[in-house]
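Student: I have a model open and want to go through some local details with you. Can you put it up first?

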Amino acid sequence: MMMQQGGRPKMAAVNDAITQNLIPDLGDALKSRSATGAAGKLKDSAGGPIAATLARLNPGFAQDVLEALPDEARQRALSAASADLARQWQRNAAFPKETVGRMMEPVVAAYPPDQSVGDTIEKLRELVKTNFITYVYVLDSAEHLLGIVTMRDLLFSDNSAILRDVMLRDPFALQGSQPLMDAMKLVLDRHYPVYPIVDAEKRLIGLVRGQSMFEAQAIEISLQAGSMVGLEKEERLATPIVRSLKMRHPWLQFNLLTAFLAAAVVGIFQDTLDRLVILALFLPVLAGQSGNTGCQALAVTLRGMTLGEMKPGAARPLISKETWLGMANGAGVGLMAALGMYITAVGQHQERPFMLAFVVFAAMVFSCIASGLSGAVVPLTLKRMGFDPATASSIFLTTATDCVSMGTLLLLATILVR
């Protein structure tokens, strides 16, 4: 690794494709696709264009695309890529998804500590023509990371000096096995353009660009909104309509089933609705307000999970907080909803307008408490069960809030308004 000189494919087929301006267009087009969709677009291409296209993508996404390719297409890409890049892809594949090890690029500009500054500069003259170099990495014979040299220190040092004397010792480095979110926390106040990645023995095994890390995390966060309503993370704008239908429709059928459950709750109190038709006006009001309260709690919980804020013991305070917030918010909107019910009941000459208003107020408070509690409990439960906490969370939450809000309103009216 020490004498690696680049990380981009250099095969003739790749150069021909780049010359014809095919690779940039294809690389840009694949960014809007899922890994499976991108692999389907590339699988019939020659090895050179596949390798060059993958080299243009975010390294983590490129690794997912490479693994999604059929075996034959993957071997074509590995054979066409430079030895350094092919070796790096194979090394990255050994790391689990959502770790920084999946996003590594080949090490460029790595030299022994006794090499002179002048010799290093001469070697970099050719290297910079094909690679973007930020730091020089100083490695011993076993490829342990001893230090880094910035371009400024390199250019302003005497040519006869050796790298050992001008390097920054014990540089900051990430572990390849670190989850992306943990790595993001460590680099949050550093803002380095490139981070060296080391293994457990502190051997340099790759590089990760800060831009690639933040891009990958931004994509992950953006996918949560779709996951909450049953959209698969694989679906993108360019996903074919048939595949989108297959991914979305099962969740809609499940949502319909849960909607029938809410309808069944209302059906239990059909006699109360026949007697107090005015209650039908306020069923969507309660469902909407409690649902929004639950979505707020759900969003905060998922954000905390994504940012790694859910430490051991944090679940109970979160549930308590969302429960109290639900009660406070429910009381606030419940007063306004009760006023609306009172005015409506008086206008319709109902016999007990004040009691109807109280029923709406009490149902709103209880519903918001239950929805805030559900917004925190649903993702926590899904995570504990081993599922993605964002997957269809809003479907489960909506079912709970609809059943509780409508059931509470009708139950209280049945008991209190006779």
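Student: Is Thr 258 buried or exposed?
Tutor: Thr 258 counts as buried because its relative accessibility is 11%. Buried means under 20% relative accessible area, exposed means over 50%, and partly exposed lies in between, with a 1.4 Å probe and protein chains only.

Student: What sort of model is this, and how are residues numbered?
Tutor: It is a predicted model, in which local features need pLDDT of at least 70 and side-chain atom pairs count only at pLDDT 80 or more, while totals for chains, interfaces and linings use all residues. Residues are numbered from 1 along each chain as its sequence is written, and side-chain values use heavy atoms, leaving out hydrogens and water.

Student: Back to Thr 258. Where is it, and what is it in contact with?
Tutor: Thr 258 belongs to helix H13, residues 241–268. Helices (H or I, at least four residues) and strands (E, at least two) are DSSP runs numbered from the N terminus. Setting aside neighbours within four places in sequence, Thr 258 is in contact with Ile 395 and Thr 399. Contact means heavy atoms within 4.5 Å.

Student: How do S2 and S3 run, and how many bridges join them?
Tutor: S2 (residues 135–139) and S3 (residues 145–150) run antiparallel and are joined by 5 bridges. Val 138 has Gly 147 as its bridge partner in S3, and Tyr 137 has Ile 148. S3 and S4 run antiparallel, with 2 bridges.

Student: Why call S2 largely enclosed?
Tutor: Because 5 of its 5 residues are buried. Tyr 135, Tyr 137 and Leu 139 are buried on one side, and Val 136 and Val 138 on the other. S3 is also largely enclosed, since 5 of its 6 residues are buried.

Student: And how does S1 connect to S2?
Tutor: S1 and S2 run parallel, joined by 2 bridges, with Tyr 111 opposite Val 138 in S2. The chain goes from S1 through helix H8 (residues 117–127) to S2, a right-handed β-α-β crossover. Right-handed here means that, with the strands pointing away from the viewer, the path from the first strand over the helix to the second runs clockwise.

Student: Which residues of H8 are buried, and what do they pack against?
Tutor: Val 117, Gly 118, Thr 120, Ile 121, Leu 124 and Leu 127 are the buried ones. They pack against S1, S2, helix H9 (151–155) and helix H10 (163–166).

Student: What about the sheet with 3 strands?
Tutor: That one is open as well, in the order S5-S6-S7 with mixed pairing. S5 (174–175) and S7 (204–209) are its edge strands, each pairing on one side only. S5 runs parallel to S6 (residues 194–198) with 2 bridges, and Gln 175 stands opposite Val 198 in S6.

Student: Changing topic: how many disulfides?
Tutor: The structure holds 0, a disulfide being a pair of cysteine sulfur atoms within 2.5 Å. Cys 368 counts as buried because its relative accessibility is 1%. Cys 403 is buried too, at 16% relative accessible area.

Student: Last one, H17. Where does it bend?
Tutor: At Ser 374, by about 25°. The bend at a residue is the angle between axes fitted to the seven residues ending there and the seven starting there. H17 (residues 353–384) has 32 residues and reaches 46 Å from first C-alpha to last, close to the 46 Å expected at 1.5 Å a residue. The expected span is 1.5 Å times one less than the number of residues. Just after H17, Gly 386 takes a positive phi of about 90°.

Terms used. Pairing = 2+ DSSP bridges.
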